[in-house]
Amino acid sequence: MSEVCAAMIRAAEFEPFAFRVNDSGLPEIADGYVFTEPGKKASAPFPYKELSEEQHREALAVVFANGPIKGCRNFEAALKAGYAACGHSYSNNKVKGLKTFLDNKDMIRYENREYTYNPKFYY
């Protein structure tokens, strides 16, 4: 995990962000990362390999039982409820990390302003 912030800046400030290198060797933004004061350890990011492919498929079947989902907040609420129904409870910050993970693995897609399940994903 790498934190990016301005130690000294002359012009426009920016919000600090964090990134990690994914399984494909590419950098990705660490959504939900909690910044800490220097010297303190940050909270752990979403454990990407925590669930098996089958557990994700089971949870996503529950999440998308009624078809595509419109709206980011609606989708995050459905993710939280769907995974909880399958015995996997996550905080709001972890759900955002889960959403990023699912998107990066092409398990979900965002098209035409709605989220859909891609059952042909490769885990």
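Ile-108 has Tyr-117 of β6 as its bridge partner, strands here being DSSP runs of E of at least two residues and helices runs of H or I of at least four, numbered from the N terminus. The model is predicted, with local features requiring pLDDT of at least 70 and side-chain atom pairs pLDDT 80 or more, while totals for chains, interfaces and linings use all residues. Residues are numbered from 1 along each chain as its sequence is written, and side-chain values rest on heavy atoms, with hydrogens and water left out.

The Ile-108 bridge belongs to the antiparallel pairing of β5 with β6 (residues 114-117), which extends over four bridges; two strands count as paired if DSSP finds at least two bridges between them. These strands sit in an open sheet of three strands, ordered β4-β6-β5 and paired in the antiparallel sense. Its edges are formed by β4 (69-70) and β5 (108-111), each of which pairs on one side only.

Five residues lie between the strands of the β2 and β3 hairpin, where Gly-25 takes a positive phi near 80°. In a regular strand, side chains alternate between the two faces of the sheet. For β2 (residues 17-21), Ala-18 and Arg-20 make up the covered face, whereas Phe-17, Phe-19 and Val-21 make up the uncovered one.

Beyond its neighbours within four places in sequence, Leu-79 is in contact (heavy atoms within 4.5 Å) with Leu-60, Val-63, Val-95, Leu-98, Lys-99 and Leu-102.

Finally, the cysteines: the structure holds zero disulfides, a disulfide being a pair of cysteine sulfur atoms within 2.5 Å. Cys-86 is buried because its relative accessible area is 17%, while Cys-72, at 35%, counts as partly exposed. Buried means under 20% relative accessible area and exposed over 50%, with partly exposed in between (1.4 Å probe, protein chains only).
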